[in-house]
Amino acid sequence: MIVAKSYGVSLLGLAGTPIEIEAEISSNLPNFVLVGLPDASLTEAKDRVRSATNNSGFTLPARRITVNLSPASVPKHGSGFDLAIAVAVLTASGQLNPKSVADAVHLGELALDGSLRPIAGVLPSLLAAKKAGFSRAIVPQQNLTEALLVNDMHIIGVSSLAEVANLHGANVSVPASKNKGLVKVETVSTHPSPKVDVSDVIGQGVAIHALTVAAAGGHHLLMVGPPGAGKTMLAERLPTLLPDLEVEQALENTAIHSIVAGHNRNWAGVDELLVRPPFEAPHHTSSVAALVGGGMGLPRPGLISFANNGVLFLDEAPEFAQPILEALRQPLESGEVLINRSAGSARFPARFQLVLAANPCPCGKGQSTKGDCNCTPQQKVRYAAKLSGPLLDRIDIRLVIQPASAAEIAISKDNQESGMNSEKLRELVSQARLRSSARLAGTPWRLNSQVPGPYLRRQMNVEKAMRVKLDRKLELGELSMRGYDRCLRLAWTLADLSGEERPNDQHISQALYLRGQDNPMELTCPT
Amino acid sequence: MTDKQDLGALGEKAAAEYLESLGYQILIRNWRCRFGEVDIIAAEGNQTVFVEVKTRSGSGFGHPFEAITAAKVRSMRKTAGAYCSEHKTAPSIRLDAIAVYLRGGQTSIEHLKQVFR
């Protein structure tokens, strides 16, 4: 009895489990049996493996071949096990060196001619393998760039089964790689277009200040204003104010892109570390599954996970279906989302910064001074009610935006000369973030917006003299306790931005202004 | 007889000679009942062995063993059962498969024992 072993990785969401693949060749009528909870595409592996080995210069023995994927209770899916299965079978038939094979993780899908095809999820798979103690991995050539993002692992890119076999002591002729040009791995560009810059915005000094505060503290933002005021333009420029991601965050984001073939036109893996914060702007007809995550059988991340460590922008927020907006509440709170599907449940990170834009009323003219809004009060109430209280409650900055006036446009010409641009603001934001993370060192939080209320009130107290205004609002009942905390968080961010040790009364006043009305849409409509 | 049947008969003869050379006692050849046919029934020690022989003159149609289907194995088991109920046999039975290559006067034989699935 000959049993050979090789290793692969099974992915469910972002969590990988190393899988031991055992192959046995027994003295029985020829047959190929694959056991250990394979799904349909994995069951087909046996036919791919048979053809690929035959076409790589090997002969499989005319005996019964049993392949077991262990642990047998973990569901396995996809074509990424092809290579590991082929290598195990060849080792069992004595054609490869068992020691060399069992030493490495093998990933890749086999073509019938024995060449290797790229697979999705190489990055999270290798991270799991590394965690499990593997130091060597063999991946398809086209996944090599992505695989190399994993440090401290010896990673070999190969383009055919014959090449892998030769690494393990076989001596077969390696075909000239034919599929190199077949797959075009495009660069994922989450970089904001270089044309986009805050300096494009005319006027709107307050809104740009609010954007800067939102960027520095990671505060969620709602902008209410008539059509054409520049809400979308402002939101698109928020990512340009955010500093580059830290390595861990970048790996997390890249891993999410890696498991979903097809996102951003990139059907197999990624080829660079995504260091810029993402910006996702779904259309308001998107479904809950598209936003939060779903998938048939297997859990699949949604747009909120693609916006992880970046910005999720919902333009025309009241047009989104109510269940979608409500579904965002839980991930907003926990920073992750748990998706349950028949094949298992997966946890995806969803630590995004939410930016909402809304018109004041269905006709959009609700705030205009001309009073030409023709919506009925009922229409307005219904429109405003789309953004529920619990959702608005989670949004720190609620800003009313007016279109730039003629005077502002004139002044803005000077502004452009004074040179307020994304780069300078990003520098300010980075410095503010450094201050807050230094203050929050030793806690699980990094940004002011993440700090929970009790910690905020106990460890980050503001002098009584400075918060007189705030306390007064609380006494008058104009501010809820939650609103009080939110103002404090904003005040800390404002202090960080201006380089002060702790917030002063000016910061508190500004925070109160940025926090805005509890229902900015309803109250801005003069009825 | 057709060429194909000739080849089969030649292969079965070669297989029987091979088994005899190993000390098997051939009980009967081409035993058939309503469930099917067994090419060779032999006795080895206290075992009765039912043998399916596949003969090839080339490798164009794959390995001879690959031509033994699951259906054939099922029918062999039933046939073996029928044989046992009709005859007094040894206490244990075995199903074997033999592949015979006949090429230019050269004969090569492969023998698989115990091919139950």
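How many residues of chain A are in contact with how many residues of chain B?

1. Interface. Five residues of chain A are in contact with nine of chain B, where contact denotes C-beta atoms, placed from the backbone, that lie within 7 Å. On the chain A side that touches chain B there are three nonpolar residues, two polar ones and no charged ones. In this classification Ala, Val, Leu, Ile, Met, Phe, Trp, Tyr, Cys and Pro are nonpolar, Asp, Glu, Lys and Arg are charged, and the others, Gly among them, are polar.

2. Basis of the model. The model is predicted: local features need pLDDT of at least 70 and side-chain atom pairs count only at pLDDT 80 or more, whereas totals for chains, interfaces and linings use all residues. Residues are numbered from 1 along each chain as its sequence is written, while chains are lettered from A and ligands numbered from 1 in the order in which they are written.

3. Chain B. Two helices and five strands are present in chain B, and along the sequence they follow the pattern α-β-β-β-α-β-β. Helices (H or I, at least four residues) and strands (E, at least two) are DSSP runs, numbered from the N terminus. The C-alpha trace of chain B spans about 40 × 30 × 30 Å along its principal axes. Of the contacts in chain B between residues at least 6 apart in sequence, 53% join residues at least 24 apart.

4. Burial. Buried residues account for 27% of the 117 residues in chain B. A residue is buried if 20 or more other C-beta atoms, placed from the backbone, lie within 10 Å of its own, exposed if 12 or fewer, and partly exposed in between.

5. Helix H10 of chain A. This helix (residues 247–259) has 13 residues and reaches 18 Å from its first C-alpha to its last, close to the 18 Å expected at 1.5 Å a residue; the expected span is 1.5 Å times one less than the number of residues. Its buried residues include A:Leu251, A:Asn253, A:Ile256 and A:His257. The buried residues of H10(A) pack against several elements of chain A, among them strand S1 (2–12), helix H5 (122–131) and strand S16 (344–349).

6. The five-stranded sheet. In chain A, five strands form an open sheet in the order S11-S14-S17-S10-S18, with parallel pairing. Strands pair if DSSP finds at least two bridges between them. The edge strands, S11 (279–280) and S18 (397–400), each pair on one side only. Within the sheet, four bridges join S10 (residues 221–224) to S17 (residues 353–358) of chain A, and A:Leu222 has A:Leu356 as its bridge partner.

7. Strand S8 of chain A. Four of the five residues of this strand (residues 136–140) are buried, so S8(A) is largely enclosed by the rest of the structure. Strand S5 (residues 105–106) of chain A pairs with S8(A) in the parallel sense over two bridges, with A:His106 opposite A:Ile138. S8(A) also runs parallel to strand S9 (residues 154–158) of chain A, joined by five bridges; here A:Ala137 has A:Ile155 as its bridge partner.

8. A:Ile409. This residue is found in helix H17 (residues 406–418) of chain A. A:Ile409 counts as exposed because it has 12 C-beta neighbours inside 10 Å. Not counting residues up to four places away in sequence, A:Ile409 touches A:Ile202, A:Gly203 and A:Ala404.

Notes
Two residues are in contact if their C-beta atoms, placed from the backbone, lie within 7 Å.
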